[in-house]
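Morning, everyone. I'll show the model first and then go through a few parts of it.

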Amino acid sequence: MDEGSMMTQQVHEVDVAICGAGPVGVALAGFLVRRGIAGARITLIDGKSLGQAISDPRSIALSWGSAQLLQEVGAWPLAATPIHEIHVSRRGQLGRSLMNRLDHDVPALGYVTRYGTVVDALAKVCEQAGVQMLRPARVTSLDEQPDAALLHLDDGSTVRAQVAVQAEGGIFGAQEQRAHSRDYEQSAVIARVTTSLPIAHRAFERFTDEGPLALLPEDGADGHGYALVWCMRPARAQELLPLDDAQFLQHLSAAFGTRLGAFTKVSPRIAFPLGLNAEARATARTVAIGNAAQTLHPVAGQGLNLGLRDAAVLARQLARGPDAEAITRFTENRTGDRRTTINLTDTMARAFTGSGPLQPLLGLGLATLDLTRPARTLLADLMMFGRR
């Protein structure tokens, strides 16, 4: 490289570079600041502008434990609908389980909010702390050296970081296959719906032959509405997406039942493929967290919550020194929680799908769970806090 090129190339020197400024990546930056790393020593890199991220209308579920983590970083409270109860059932089978916040002495089992709302709250924390934000920007290559990671960006600049964190995972259908991978042969149809007899603050997880159907309470301008996550065979998703609203709601009513009266409205629908794709990728100077490390089935809404726990633990380790030892400690610390959550969601996604002879027993298992408080408490703790 000649002297002129050396002078024109811009190099950002930081302690931690975070690739991906979704909720997990921005939360990591906030946790790092709270742990004492100066904002100027942290860089967030993302292909979307902040405005694009904030306007993202997708609904996300936060556990009570995740709300506590956001409070710790200064991004809570925010606009969200509390979940006081979770009703779990199996279509066509007797037995159900009902979890209630009062049984676990918490204000809410979880919350439903918008993706953009969480990013906005966390971005404000980072802006106030002086965290560098390079967006829209794309990493074209990464060179790992013994003492740093060099991230080359599409504008010709370079970020030199002690540690580079991959926090941008994307969706299952667009990812490389990782060490632990499973195609569930399902698509998730996402929408917002309203009903004639809503039950405030109650979430529903209803298992069907084709996959789980979740309705998460999400209040809006139209009153008590629900975020719909309906998992089904890809061919069926393609059949339902082009239907008009009335036809789509007829199919939804047949799958869910009449616990909430009639379905009255539905927003435009989108669908995306579902799979498990997990690998605890780490080197001496790089580490993956959130969806970049483990993409899960949406059953029980654990993906983002697991990613936020990744971010909190990684920040704690990097604050002791952004180096290879911190990455090793992080990987060792996160093994148990990651494995437990992956196995829990994978088992739930597969065990309750299909129409085999085990389904009546699974329905009975839900009834037994409802009558066995220690088991119900253990499951609720895993969903709210992960493996502690």
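Start with the hairpin that joins β13 to β14 through two residues. Helices (H or I, at least four residues) and strands (E, at least two) are DSSP runs, numbered from the N terminus. Before going on: this is a predicted model, where local features need pLDDT of at least 70 and side-chain atom pairs count only at pLDDT 80 or more, while totals for chains, interfaces and linings use all residues. Residues are numbered from 1 along each chain as its sequence is written, and side-chain values use heavy atoms, with hydrogens and water left out.

Strand β13, residues 202-208, runs antiparallel to β14, and five bridges join them; two strands pair if DSSP finds at least two bridges between them. Phe204 stands opposite Leu215 in β14. On β14's other pairing, eight bridges link it in the antiparallel sense to strand β15, residues 223-232. That is also a hairpin, with two residues between β14 and β15, and Gly220 stands opposite Gly223 in β15.

How enclosed is strand β14 by the rest of the structure? Largely, because eight of its ten residues, 211-220, are buried. Buried means under 20% relative accessible area, exposed is over 50%, and partly exposed is in between, with a 1.4 Å probe and protein chains only.

Thr81, in strand β4 (residues 81-83), reaches this region. A polar atom of the Thr81 side chain lies 2.9 Å from the backbone nitrogen of Asp219. Leaving aside neighbours within four places in sequence, Thr81 is in contact (heavy atoms within 4.5 Å) with residues including Tyr111, His201, Pro217 and Asp219. Thr81 counts as buried because its relative accessibility is 6%.

Next, strand β11, residues 158-166, which is mostly covered, with seven of its nine residues buried. What does β11 pair with? Strand β1, residues 11-19, runs parallel to β11, with eight bridges, and Val16 has Val163 as its bridge partner. Strand β10, residues 148-153, pairs with β11 in the antiparallel sense over four bridges. Those two form a hairpin with four residues between them, and Gly156 in the turn has a positive phi of about 95 degrees. Three bridges join β11 to strand β18, residues 286-288, in parallel; there, the partner of Gln166 is Ala288.

Now two helices. Helix α4, residues 64-73, is largely enclosed by the rest of the structure, because seven of its ten residues are buried. Among them are Trp64, Leu69 and Val73. The buried residues of α4 pack against several elements, including α2 (23-34), α5 (115-129) and α11 (373-385). Gly74 follows α4 and has a positive phi, near 95 degrees.

Helix α9, residues 324-351, has 28 residues and should span 40 Å at 1.5 Å a residue; its end C-alpha atoms are 39 Å apart, which agrees. The expected span is 1.5 Å times one less than the number of residues. α9 bends by about 40 degrees at Arg334, the bend being the angle between axes fitted to the seven residues ending there and the seven starting there. Asp323 caps the N-terminal end of α9, with a side-chain oxygen 3.3 Å from the backbone nitrogen of Glu325.

Last, the cysteines. There are zero disulfides, a disulfide being a pair of cysteine sulfur atoms within 2.5 Å. For Cys19, the nearest cysteine sulfur is that of Cys126, 15 Å away. Cys19 counts as buried at 11% relative accessibility, and Cys231 is buried at 2%.

How values were computed:
Polar contact = N/O pair within 3.5 Å; in protein donor to acceptor, adjacent residues only side chain to side chain.
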